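These are my notebook entries on a structure I went through element by element. The sequence and the coordinates come before the entries.

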Amino acid sequence: MIKISALASHSALDVFDGAKDEGFSTIALCKKGRERPYLEFKRIVDECILLNDFKEIPSESVQQKLISENAIIVPNRSLAVYVGYDNLENMKVKFFGNRKMLRWEERKGEKNYYKLLDKAKIRRPRIYTPDNIDSAVIVKLPESKRRVERGFFFAKNKEDFDKKLEELEKDGIIDEESIKEMVIEEFILGAYFNVNYFYSPIFNRTEIISIDRRIQSDWDEFYKLPADIQLSLNRTPRLIEVGHEPATIRESLLEKLFEIGYAFVEATQKLEPPGIIGPFTLQLSVTPGLDIVVFDVAPRIGGGTNAYMGIGSQYSKLYFGKPISLGRRIAIEIKEAMNRSLEEKVIF
């Protein structure tokens, strides 16, 4: 019997909980000092492989352990960040889905999500250089002490951009390496959503499973303050992601969400065959004109799916007659593939 494994971070709890709901055993790849939740929630974690560092995951000993347990890895963002694309693409352990898609989450390089969105003809924000900023922008860059996370700040024009960049560098929040990796995007004014999709080769469809929104510190409370207090504080919110909350979207917009979801899947099939398999998230803005603009892509399980863990999502019920989480949706796909002897379509 297949066992389901994941790096113990990000959305692993949802993966493990969904796996147990479908009768699978689970293996958590835990780092010492960060293992407590996975030991406390004993119902959903059958075994915890304790590591000194997540970088040990591609080692021969860990891989052989997983292979001997007939485990498959469900990748999340933490796996890509801590293990690295080259390492995970060369691992002998089997993965759920197309592991080569993970590299497309980057904003720079030969494989990047802007190329995916353009191939799919999905509207995205314009990209600026520091010298041609002519409108409000959002700047995306890694912080100096938080390389595994991606930082953000807003600027209303080039003068504001220059000022804030200088302040962040002076305060040690960013450094020269951060600036080299910086991407400057057009700021899209609208309502923001994370739409969690699932492409199923077994059922031959692209599903909308759930929608969530980010909770960010210190932005979450900062923007609720009266404008005069925001100005008097004279600080740049760092938008550090600390949680997610469930959301829905008006039904008349679902047509557009399905259009971009299917177009995205088709683009991945052309650029990285066999394309995306399983979960992916499109982070998007709905403008006042009800246009959809995708500003970020996660070609794997999203970070907000724990918001539906244990209760399931409203859109999933429309497919399965019961609310399920995205973690459980992964387990359902694996089980269905096994029942139909089609494992090769979802496990690589």
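**Entry 1: residues with positive phi**

I began with N234, which counts as exposed because its relative accessibility is 62%, over the 50% cut-off. I note here that the model is predicted. I located N234 in the loop between helix 10 (227-233) and strand 12. Its phi is near 50 degrees, a positive value in a residue other than glycine.

I then looked up N70, which is not a glycine either and has a positive phi of about 55 degrees. N70 sits in the loop between helix 3 (60-68) and strand 4 (71-73). With a relative accessible area of 41%, N70 is partly exposed. I recorded both residues because most residues other than glycine have a negative phi.

**Entry 2: a cis peptide bond**

Which residues does a cis peptide bond join? I found P273 and P274, with omega at about 5 degrees. P274 belongs to the loop between helix 11 and strand 13. I kept the entry because most peptide bonds are trans.

I traced an open sheet of five strands in the order 12-11-10-13-14, with antiparallel pairing. Strand 12 (240-246) and strand 14 (292-298) stand at the edges; each has a single partner strand, so one side of each lacks a neighbour in the sheet. On average, neighbouring strands of this sheet are turned by 35 degrees against each other, direction ignored.

I followed one pairing further. Strand 13 (residues 278-286) pairs with strand 14 in the antiparallel sense over six bridges. The bridge partner of T281 is A298, in strand 14.

Two helices were checked against the sheet. Helix 13 (residues 326-339) packs on the sheet and touches strand 10, strand 11 and strand 13. The direction of helix 13 makes about 15 degrees with that of strand 10. Helix 11 (residues 254-271) lies across strand 10 (191-200), strand 11 (205-217), strand 13 and strand 14. Helix 11 runs at about 105 degrees to strand 11.

**Entry 3: the nonpolar cores**

Which residues touch the most other members of the largest nonpolar core? I listed I249, L257, I260, L284 and V294, out of 33 residues in that core. Helix 6 (113-119), strand 10, strand 11, helix 11, strand 13 and strand 14 each supply at least two residues of this core. Helix 11 gives the most, with six residues.

I looked at the surroundings of I249, leaving aside residues up to four places away in sequence. I249 touches F193, I211, L254, L257, V286 and Y315. Apart from this core lies another, of 30 residues, including A6, A12, I202 and I209.

The buried residues are A12, L13, D14, V15, F16, D17, G18 and A19. They pack against strand 1, strand 2 (25-31), helix 2 (36-40) and helix 13. After helix 1 comes G23, whose phi is positive, near 90 degrees.

Is S5 buried or exposed? I found S5 in strand 1 (residues 3-7), and its relative accessibility of 0% makes it buried. The side chain of S5 reaches the backbone oxygen of I27 at 3.0 Å. Residues up to four places away in sequence not counted, S5 touches F16, I27, L29, L66, A71, I72, I73 and V74.

**Entry 4: aromatic pairs**

I counted eleven aromatic pairs. The rings of F154 and W219 have their centres 5.5 Å apart and their planes at 50 degrees, so I noted the pair as tilted. This pair links distant parts of the chain, with F154 in strand 8 (residues 146-155) and W219 in helix 9 (residues 219-222), 65 residues apart. F154 is partly exposed at 23% relative accessibility, and W219 is partly exposed at 26%.

I also looked up Y319 and F320, a tilted pair with 6.3 Å centre to centre and 55 degrees between the planes. Y319 is partly exposed, with a relative accessible area of 27%; F320 is partly exposed as well, at 23%. As a last item, I recorded that F154, F187 and W219 form one aromatic cluster.

Terms used
Residues are numbered from 1 along each chain as its sequence is written. This is a predicted model: local features need pLDDT of at least 70, side-chain atom pairs count only at pLDDT 80 or more; totals for chains, interfaces and linings use all residues. Side-chain values use heavy atoms; hydrogens and water are left out. Two strands pair if DSSP finds at least two bridges between them. Helices (H or I, at least four residues) and strands (E, at least two) are DSSP runs, numbered from the N terminus. Axes are lines fitted to C-alpha atoms, for helices over the stretch in contact, and angles run from 0 to 180 degrees between N-to-C directions. Contact means heavy atoms within 4.5 Å. A nonpolar core is a set of buried Ala, Val, Leu, Ile, Met, Phe, Trp, Tyr and Cys residues joined through side-chain atoms within 4.5 Å. Buried means under 20% relative accessible area, exposed over 50%, partly exposed in between (1.4 Å probe, protein chains only). A polar contact is a pair of N or O atoms within 3.5 Å; within protein, one must be able to donate a hydrogen and the other to accept it, and residues adjacent in sequence count only if both atoms are side-chain atoms. Rings of Phe, Tyr and Trp (its six-membered ring) pair if their centres lie within 6.5 Å; planes under 30 degrees apart count as stacked, over 60 as edge-to-face and the rest as tilted.
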